[in-house]
Structure formats: C-alpha cells, structure tokens
Amino acid sequence: MMEIIKHTPIWAWIILVILTLLGLRQLRPRQIRTFQLFIAPIIFFPLIIINISRNHHYELATLAFLSGLILGAILVQLSKQWQTITPIAQDKWQQQGSVLPLIIYLFIFLSRYFETVVRTIQHPLMDNQHFILFIGISTGICLGFNGAVSCLAVWKQKR
C-alpha cells in the first residue's frame with residue numbers, strides 16, 4: 001500500500017486537495033452564479049470518459065457509467081435535492097450548505113484513483129465484471145446526481 005501512495009504523482013494529490021477544498025466550501029450556504037452550478041460536472045465528465053476509454057472492457061464500463069448517470073438523475077428527482085438551489089436574481093443562486101458535494105467529489109476521485117491503480121499494476125480485478133460495474137455505476141450515480149441537481153434547479157426556475 002505504501003508503494004502505491006509513494007508512487008502517486010504529485011498532481012493527483014493536488015487534485016485531491018482542490019476537490020476537498022471545493023467540497024468544504026459547499027458546507028456553508030452561499031451565493032453562486034449559474035455557470036458555477038455546472039463546473040464540477042463539466043470537469044468530471046470528460047475525465048471519467050477518458051478513464052473509461054482506457055478500460056479493457058470499455059463497453060461494459062460505458063454502459064455501467066451511463067446507467068449510473070440515469071440513476072443519479074432519478075435519485076435527485078425523487079429526493080427533491082434540486083430544491084437546495086434557489087434563484088435570487090438574474091444569474092444568481094442561493095445554494096444551501098451540504099456535505100453531499102464533498103462526499104461526491106471525494107468518492108469520484110477515490111474510485112477513479114483506485115481503478116487507475118488497479119489498471120496500472122495490472123491487478124486481476126481489472127477484468128472482474130462486478131468491479132467494472134461497481135465503479136461505473138457508482139461513479140455515474142455520483143456525477144448524475146451532482147449534474148442533475150443543477151440542471152433541475154435551472155430548468156424548474158425557467159418553467
């Protein structure tokens with residue numbers, strides 16, 4: 001385990017610190033602009049797609065991820081989580097403080113980190129369909145949830 005941590009590139013630790021700080025900022029209520037609602041999904045989505053494309057079983061990984069995205073969006077609708085973001089002016093929103101973004105950011109980072117380590121050391125888990133499904137679906141749920149909260153808030157406000 002220490003070997004893995006010692007050989008982790010410095011940029012991975014920098015990303016972890018940035019995601020942690022961004023998540024911690026969202027613990028408190030704050031005013032944000034519309035574009036800020038979509039920063040995390042816009043950054044995470046292409047990075048996850050690149051990661052999936054490197055998977056030996058990219059078809060299964062893609063299907064799992066897309067299924068997770070849909071499940072995440074459904075969870076947002078069912079939980080009414082989008083109501084934590086309310087419009088206060090043109091292009092300004094009030095976002096309630098929540099630990100969910102921090103959990104989502106850290107989970108996506110750690111699951112992708114773990115998958116990259118497994119692929120790098122060529123661990124047999126990389127060919128395990130259950131592992132691929134778990135990583136893909138869970139990451140998709142997190143990103144789908146995060147993105148759907150913002151999308152539904154904006155959509156409901158425009159209706």
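1. The structure holds three salt bridges, a salt bridge being a side-chain nitrogen of Lys or Arg within 4 Å of a carboxyl oxygen of Asp or Glu. This is a predicted model, in which local features need pLDDT of at least 70 and side-chain atom pairs count only at pLDDT 80 or more, whereas totals for chains, interfaces and linings use all residues. Residues are numbered from 1 along each chain as its sequence is written, and side-chain values use heavy atoms, with hydrogens and water left out.

2. One of these salt bridges joins the side chains of Arg33 and Asp91, at 2.8 Å from N to O. Arg33 lies in strand β1 and Asp91 in the loop between β2 (85-89) and β3 (92-95), so the pair ties together parts that are 58 residues apart in sequence; helices (H or I, at least four residues) and strands (E, at least two) are DSSP runs, numbered from the N terminus. Arg33 is partly exposed, with a relative accessible area of 42%, and Asp91 is also partly exposed, at 27%. Here buried means under 20% relative accessible area, exposed over 50%, and partly exposed in between (1.4 Å probe, protein chains only).

3. In helix α6, Arg112 and Glu115 meet in a salt bridge at 2.5 Å, N to O, and are three residues apart, about one helical turn. Arg112 is buried at 9% relative accessibility, and Glu115 is buried at 3%. The side chain of Glu115 also meets that of Arg119, at 3.9 Å, N to O, and both of these residues are buried. Through shared partners, the salt bridges join Arg112, Glu115 and Arg119 into one network.

4. The largest pocket holds about 1200 Å³ of space. A pocket is, on a 1 Å grid over the protein atoms alone, an open set of points where a 1.4 Å probe fits, with protein on both sides within 12 Å along at least five of seven lines, and lining residues have an atom within 4 Å of a point. Of the 49 residues that line the largest pocket, the closest to its centre are Ile15, Leu19, Phe44, Leu47 and Phe109. Helix α6 gives the most to this lining, with eleven residues. The lining divides into 30 nonpolar, 14 polar and five charged residues, where Ala, Val, Leu, Ile, Met, Phe, Trp, Tyr, Cys and Pro count as nonpolar, Asp, Glu, Lys and Arg as charged, and the others, Gly among them, as polar.

5. The second largest pocket holds about 170 Å³, and its lining includes Trp13, Phe109 and Tyr113. Helix α6 gives the most to this lining as well, with five residues, and the lining residues divide into nine nonpolar, no polar and no charged.

6. Which residues do ring pairs link into a cluster? They are Trp13, Phe109 and Tyr113. Rings of Phe, Tyr and Trp (its six-membered ring) pair if their centres lie within 6.5 Å, and planes under 30 degrees apart count as stacked, over 60 as edge-to-face and the rest as tilted. By this rule the count comes to five aromatic pairs. Among them, Phe45 and Phe65 form a tilted pair, 5.9 Å centre to centre with 40° between the planes, which links Phe45 in helix α4 (residues 39-53) to Phe65 in helix α5 (residues 58-79), 20 residues apart. Phe45 is partly exposed at 37% relative accessible area, whereas Phe65 is buried at 0%.

Methods
Points joined across faces, edges and corners; volume = space filled by probe spheres on them.
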